[in-house]
Each structure stands twice: as C-alpha cells, then as structure tokens.
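Trainee: Could you take me through one part of this model closely? I would like to look at its charged side chains.

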Amino acid sequence: MSGVSEVVSRILAWLSGPGLYALLVIAGAFVTERLARIAIRRISRRFASPGETEGEREKRTRALASVLSGTVSVAVYVIALVSILDRFGLRTGSLLASLGVLGLAVGFGAQTLIRDLIAGFFMLAEGQLAIGDTVRLHTASGQVKGTVERQGLRTTVVRGAEGEAQIIPNGEIRFVSNYSKEWSKAVVDIVTDPLSAPEVGSIMDSVARGLAQEPEWSASFLETPEYLGVEEIEKDSVTLRLVARVIPSSRAAITREIRRRILEEMASRGLSASTTASE
C-alpha cells in the first residue's frame, strides 16, 4: 500500500506543478484552435466576389478556411509545445534563435516557394477558382485545361481530359480562364456550303430552341438560344454559329446534344456539314 500511496502522491505532485500547467496549455490550445476555425470560416465568407452564387461562395469558403485553419493549427500547437517545454525547464530560447537563423537562410533560397504561397492565398481569397471548376490556366510554360481537383496555398491540381493530374505551382499561373463562374456559353459552329446556309441556319435555330423547351434540358438554359448567322466565309464553305447561355456544369452536355441533333436533322434532309470544336 505504501508503494501505491507513493505513486499517487507523485502523480498529485506532478499535476499540481508542471503537469497541471501542461494540461491547461493543451486544453487552451485545443479551444483556441477550434474557436479560430469558426472565426476563419465566418471571415472567409466575407470575401464575396460580385455576382458570386451561393454554391461558388461555399466552395471558395471551404478551400480558404481549410488552408488558413491548417496554418493556424500548426502555429497554436507549436506555441503550446514551446510553452510546455519552457515550464519543464528546457531552454527553448536558444533553439528558437537557431531556428530563426535557419529560417532566414532558407528564406533567401525559397523565394519561389514564398511567391507560390502568396499567389495561392490571393487566389483562394478572391475566389478565382474552386474545386470542381472547369478552367484553363495560362502559365509561363503554356496552358493547362481541366477540372480543379485540389487547391492549396502552394499548388493547384487540375485533372485533364485524359485523366492526368496536372500539378501547377500557384506562382506560375499568369491568369485564369474559368468556365464555371456564374454562367457559361454553349457555342456550336456548323460548316456547310454557301447555298445550304439559309436552310442549315433555320435548322440550328429550331433545334436549339426546341431543346431549351424540353423539361429535361430547360433548367440548364439561362436564356433562349440565339442563332448568330455567318461567322466565317471560306472559298467553298461558310461557318454558321449558334450560342446559348447556360449554367456552367451543363455547357459541355448541351453543346454535344445540340450538335448531335443538328447533324441528325441535316442528314435526314440530305444536307452535308461538319462541326468545329468551340470552347
């Protein structure tokens, strides 16, 4: 019994001294980190862009809050750890000074990393793109197109049409073409011979308007499709264009469906044509 009493007394002595302090610091760090996450999420929602939909704002808020919360969590727990080590008599002052010098040295060689982090922060804060968006990123070495799969402070991951994951440092991105912002345009170009142009134009207009009135597709159209007429003239052909303002997620499907129906209708009338890919 004396051994048990001695162990209990030592535990109580430890808890009444540095042990209690350590537990309080850990509890305080946990509460601080949780409150910081809540505050960050609320603040992130205030970075709203003009015309931003609720869905876009929610995606941007999640991405920005995730990155900032992770940074704050690391900072809070590092401070808590240093405080606890100090309480237990370990000299952290010299260690922090050494880390500061090391950080300064690394900083001079990490300008590219810092540039990526700063660019990533402003991309998140301004909601330039979000997870799930279809984008074209113009970089110093070329263009990258696909769907945003992951977004962080340092890099952005875009999934290409062939399934490849393209990892782009944020500092390399010069500007962003986002096909998922607020609304998009389905553009259909039909190449035909000049004599058939009036009839083909009529087919394009009627097919698109008919599709926009079907219950299955009508919710995806934001405006009535518009036949624009002749877009280009070549020696033996003309290019006719039709556009439709649609919700971004349906742009590709609507474009393909309009093309398919136009070509089917033209084939039934004995008219020949070809389509050109449009962004």
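Mentor: R260 and E264 meet side chain to side chain in a salt bridge, 2.8 Å from N to O. A salt bridge here is a side-chain nitrogen of Lys or Arg within 4 Å of a carboxyl oxygen of Asp or Glu. Both residues sit in helix α7 (residues 251-268), four residues apart, so about one helical turn separates them. Helices (H or I, at least four residues) and strands (E, at least two) are DSSP runs, numbered from the N terminus. R260 is partly exposed at 38% relative accessibility, and E264 is partly exposed at 46%. Buried means under 20% relative accessible area, exposed over 50%, and partly exposed in between (1.4 Å probe, protein chains only). The pair belongs to a network of salt bridges that links E214, E257, R260, R261 and E264.

This is a predicted model: local features need pLDDT of at least 70, side-chain atom pairs count only at pLDDT 80 or more, and totals for chains, interfaces and linings use all residues. Residues are numbered from 1 along each chain as its sequence is written, and side-chain values use heavy atoms, with hydrogens and water left out.

Now look at R241. Its salt bridge partner is E231, with the closest N and O atoms 3.6 Å apart. E231 lies in strand β7 (residues 226-233) and R241 in strand β8 (residues 238-246), so the pair ties together parts ten residues apart in sequence. E231 is partly exposed at 38%, and R241 is partly exposed at 22%. In total, the model has twelve salt bridges.
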